[in-house]
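Opening the notebook on a new model today. I want to look at one helix and then at some charged pairs.

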Amino acid sequence: MPDHEAVLDDEEPNAYEFRRLFDPASIGDVDLRNRLMMTGHTTNYAGGREIDQQLIDYYVERAEGGIGLIVMAYLANHPTAQTGSAIVGWDEEMIPKLRRLTDAVHEAGVPIFCQNLHYGRQMTSLLTERPLLSASDVPGPVNREMPREMTHDEIDEIVESYARTAEIIERGGFDGVEIHSGYGGYFLSQFISPYSNDRDDEYGGNLENRLRIVFETLDAVRDRVGDDYAVGFQVNATDAAPGGMDVEEYSEVARRLAATGQVDYLVVKAGTYQKQDYIVPDMQHEQELLAPLAKDVRDAVRAENPDVTVATTGRITDPRAADRVLREGCADVVSMTRGHIADPAIAEKAKDGRLDELIECMGCNQGCIERVYDGAECRCVLNPATGFEAERGRGTLEPADPVRDVLVVGGGPAGMKAAEVAARRGHDVTLCEADETLGGQVRFAKELEGRREFEKPILWLREATEREGVEARTGVEVTPALVEEIDPDAVVLATGSSQPAFPRGYRGHGVTVDDVPGWTDARVLSSTAVLTSSVETELDYRDPGERVLVLDDGEHHWKGVGTAKHLANEGRDVHFAMVGGDPGGSLTGPTTAKLQRELFGLENPVSLHTFTMPERVEWPDVTLREAGRAVTIADLDSVVLAGFHRADDGMRTRLESAGYDVSVVGDALAPRTIMEAIHEGEGAAREL
């Protein structure tokens, strides 16, 4: 194998020589062109008995981008494992449908494996209308539904279901099967870990007994697919949960799996739904957080059976980092799953020396995880083509005809994306931003602890607009006179939003400023105003003082809880009041798990007030109606609003009345998230 040294020049971001990433690899008899893979992940593009073209296009796009291996998310192996997002895996009628998908991926030159799944207790019975099955009658931490402790006959039935589905996966054209799973608190993990297994028969107690169903499953699968077919298994490195197992114990599990000779590869993951932030770690976690644990597991595996390939995952977002993980012996193959959701062409760009063009995942979990958990289709905040490969994927951007002079008003993510795509199409683009720097409100989001990587889209979009020749004018307020001077053929209005002087979200609860006596006497600040100390902006920084009340008026996103945590970390006495009872409740479980755990574990913890409305102000005291009773917070220095914004769209009518072709995008259309901003920016530019 090549053994050249890796060299990275900070002044030349593309000057990196990969030492291991593009070495070929193999899993069993399956050859990989490089050591990059995608693990199986839910997209909600298919489910039940349907496999739509959308899912096929999604995987083909990533295959064409140069990846080495794709693992498709699970087939449910038994009717008791059926959910809306799981594809049926126990019926032979699925074989030709699966063949259509695997043939398309193979035509793009990439092998594809498929996961073989039973959830156990980690689901609901809403769809199946049958009791949940598990090792023990211990309810899951998320859905909180009591499962039934499985009988021996039921265990035999599910083991047989794994074997049957493995055969269907093989006949469906997949190059390998991945048994899901010994990680995350899913079905087989529920037997492996004492965290969820308190049986006292031959499937409980010591490790040998807890692994019994795993070895029975491996034997059954091998009997059905043969010795030459690639078989993998997911395994935890740590449960990260009370009563669970640590890396030393899981290294022993991995060693025993390798010793069977029945597995060709292991995928090392971590977490349970008690600590689900380890299952899909977001930007609150450090990069490559599982790599050191994976190294311990790999060392144990290689000592037992060096032919077993070990893969790892966990916030590996840059191919240079993937190369380092490989060089340090943490894994043989590296998964960049969310990385490929954000940029399907990671391998192609890295190999071609176009690292500056990478769209690097920032671990926000908003499009890929939050939406999927809510039952919607997978998207990516940074990549508007994810899920729309046929319309927005490779080769779909049409050159401008005719070329137009385009004015983009506003330099936040919506405006920058519109400018970049319009310029890439060949339009002449001028972007004007009132502030001295580009980035919009994302600049404030990145000031919050656990949100630092929001700097990535700002930097990437700035570089992209420069690369495409966009004329960016900062510190320029767009007026009717300036528009007349520029005289554009089209205007994209991306003027963003601002915090109203009274929490807008309370209006839906029948509370207005007139219902809160003394409100105008209070010192009321916006969340952005207290986060501007290190941000170049026309907004003045406002010191909130030592004793602060942060109000979340029902948005329940990062803004409220993140601002409260930020101010508490600065040593301030922070009270956080919210309409509901779940801090950050609009976020998804892997995000709130860590966020809430830390919010109240601070050295200077936040005082939480739930189910509240402001009742009156006798400054510096504020009285809240909290869960039906009056609670007064005295001697405040400020009230910080951290909730819903209002659109700054005042220019639209004037421009349209003057006859300009106007598109409105992002918060100027309706205040939402960075995802809608970037997606609408691209959509508007494609329609010019």
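Predicted model: local features only at pLDDT ≥ 70, side-chain atom pairs only at ≥ 80, totals over all residues.

Which residues of helix 2 are buried? I get Ile95, Leu98, Leu101, Thr102 and Val105. Looking down the axis of helix 2, I see these buried residues within an arc of 125 degrees, so they line one face. Pro96 and Glu107, on the other side of helix 2, are exposed.

I checked the length too: the 13 residues of helix 2 (residues 95-107) should span 18 Å at 1.5 Å a residue, and the end C-alpha atoms are 18 Å apart, which agrees. After helix 2 comes Gly109, with a positive phi near 90 degrees.

Next, salt bridges: my search of the whole structure turned up 49. I looked up Arg324 with Glu288, at 2.7 Å, N to O. Arg324 sits in helix 9 (residues 319-327) and Glu288 in the loop between strand 13 (265-269) and helix 8 (291-304), so the pair ties together parts 36 residues apart in sequence. Glu288 is buried at 16% relative accessible area, while Arg324 is partly exposed at 31%.

Then I took Glu656 and Arg652, whose closest N and O atoms are 3.2 Å apart. Both lie in helix 20 (residues 651-657), four residues apart, about one turn of the helix. I also noted a network in which salt bridges with shared partners join Glu64, Glu348, Asp352, Arg354, Glu357 and Arg394.

Terms used: Residues numbered from 1 in each chain as written. Heavy atoms only, no water. Helix = DSSP H or I, 4+ residues; strand = E, 2+ residues; numbered from the N terminus. Expected span 1.5 Å × (residues − 1). Buried < 20%, exposed > 50% of the residue type's maximum accessible area, 1.4 Å probe, protein only. Arc of directions from axis to C-beta. Salt bridge = Lys/Arg side-chain N within 4 Å of Asp/Glu carboxyl O.
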